[in-house]
Amino acid sequence: MKKTALSLALIAALGLTACSQTNTLQTENNSVQVQQNFANFSEQFIHDYWKQFPEHSAWAGYGKYDDIISIPNQAYRDSTLAFANAKLNELAQFDLDSLPTAQKTDYYLIENALKRTIWHSETFKSWQWNPSNYNVSGGFATILNSRFKTDHEKFATVLKRLQYVPAYYDAAKANIDNPTLEYTQLAIGQNKGAFSVLKDELLTQVEASNLSSNDKALFVKRFNAAKDAINGYIDFLTELEKSLVENGNARSFRIGEKLYEEKFALDIQSGYSAKEMYHKAVADKDRVTAEMVKITDELWPKYFPNTERPSKDRDAVAKLIKHLSVKHVARDEFVPEIKRQIPDLEAFVREKDLITLDPEKPLVVRETPEYMRGFAGASISAPGPYDKKENTYYNVTPLDNMSDEQAESYLREYNHWILQILNIHEAIPGHYTQLVYSNESPSLIKSIFANGAMIEGWAVYTERMMLEEGYGDFEPEMWLMYYKWNLRVICNTILDYAIQVKGISKEEGLDLLMNGAFQEKAEAEGKWRRATLSQVQLTSYYSGYREIYDFRESLKAAQGDDFNLKAFHEQFLSYGSTPVKYVKALMTDK
């Protein structure tokens, strides 16, 4: 009896084990199938996305739709909303628990991109009040600047693309309703810059090309029609600007707390709210200012041996910065000096073995194209994942249009030390390096749906990292200027939130920047202008930096002697341009 009972029990146990193993196997098989289905969905989604948004595909280097310009009319907005809602419904069919962390991240990025599209169209509606949304220059410039297309291929693509320009600007004019004065003025300047791309010498080049005679004639006809359309838009906006100024009825550039929080959540994708990030920045401003006071006390006897230090810390720091800032390049050497410094940064990164640099991915320093001017003095234009061997352009705006007084103020801001920090940020190992790595991500989703806070945060992070590793030989002057620069990043967040949510005046904003962050008047004026031409973007620098730096420090504490800085950098950058909160999950697999 006992033997029989034991046998039955054993058989039952074996049966349960077999069932358990079968169930486990079925679960694993189901998970594998779900993961494969999601991979298939992601691949198809990208192709469908490019078809819906051909201009975005041109940025990414996809190539298939470079000859198309979407006409921004109501029919296109309707089709965009239909696309976004349909894809959200498809996405919702997937069981998130069956996806590994890497695919979950792609899920969240796709979901955010679609929700952001809907929000911009239905809620934010900047297509109505931001005339600078409409500018065809960038797409044409991308085609004409290609290193890998023949002249025939470029001109043939431009010819097809030109046909859409008149209808594009007709739709733009029909869309504009109660715009801000600031965006209207920006749109006028940038669309005038379109003729630096669609310039008459292009016709001479086309005439000498091997296009057919019929195509050459058609090119001239469409080119002239495009120029007329751009000039028509400029004339339309110029009249609108006059009316806005005379009648004082322009829309406010301030968007208010509700829209600001919503935009922050969609754009930054942080672990914090905009209000929480604002308060973190206010606290960091005090901390960084205290560090500047310590360095000022150290350097005061060196530069002012016979002068009593001012009793107010702020006055002492400002006096020392003003004294040091006269060390800067000459006005006409600003762009050449930036070019000269790039090889030095490359050499330092290699010497310290901070991250692997790819010598086959060119970085070209150039003067900012005219159609891009009026927003930032320095920027990066990087190729997308499909044409990653194209040039990355480091755009630097020359000081040609500044008065002597303005230029001197600007050069004091970008003095001997800060100009080097700027180049770290924009070039190596900042934006240029990060975007090269982003294009190598195994997941196209993580490269395509780039997160601005991660991109800007990485660039800001590298500034401090380079100094920590000995760039500048730990010179206290360099650290003082770094903290001044970092204070600007912090105050970007404070300023943006204070303008858009709290409604501070221009005078209060300039006081924050000049007296609270030791900025020159030209820089402060430029930043105020920029803050009236964007919302949330200025917070991306600080929010991304704070999350990256804090994450690195937590890993260092956890790993101790096993922590490797280069390994951290290369793993962090291997996930494309993903929001930091998702990179953290991927690196810790949580």
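H13 and H21 run roughly antiparallel to each other, a label for angles over 145 degrees. This is a predicted model, in which local features need pLDDT of at least 70 and side-chain atom pairs count only at pLDDT 80 or more, while totals for chains, interfaces and linings use all residues. Residues are numbered from 1 along each chain as its sequence is written, and side-chain values use heavy atoms, with hydrogens and water left out.

Start with helix H13 (residues 274–303) and helix H21 (residues 476–502): their axes come within 8 Å and cross at roughly 150°. Axes here are lines fitted to C-alpha atoms over the stretch in contact, with angles from 0 to 180 degrees between N-to-C directions. The residues where H13 meets H21 split into 19 nonpolar, four polar and nine charged.

Now follow H21 to helix H24 (residues 540–559), where the axes come within 7 Å and cross at roughly 110°. That makes H21 roughly perpendicular to H24 (65 to 115 degrees). On the H24 side, the contact (heavy atoms within 4.5 Å) is made by Tyr541, Tyr542 and Tyr545, and H21 brings residues including Tyr482 and Asn486. This contact of H21 with H24 has six nonpolar residues, three polar and no charged.

Finally, look at serine 325, in the loop between helix H14 (313–324) and helix H15 (334–352). Serine 325 is buried, at 1% relative accessible area (the cut-off is under 20%, with a 1.4 Å probe and protein chains only). Leaving out residues up to four places away in sequence, serine 325 touches Leu411, Arg412, Asn415 and Met481.

Conventions: Helix = DSSP H or I, 4+ residues; strand = E, 2+ residues; numbered from the N terminus. Buried < 20%, exposed > 50% of the residue type's maximum accessible area, 1.4 Å probe, protein only. Parallel < 35°, antiparallel > 145°, perpendicular 65-115°, else oblique. Nonpolar A, V, L, I, M, F, W, Y, C, P; charged D, E, K, R; others polar.
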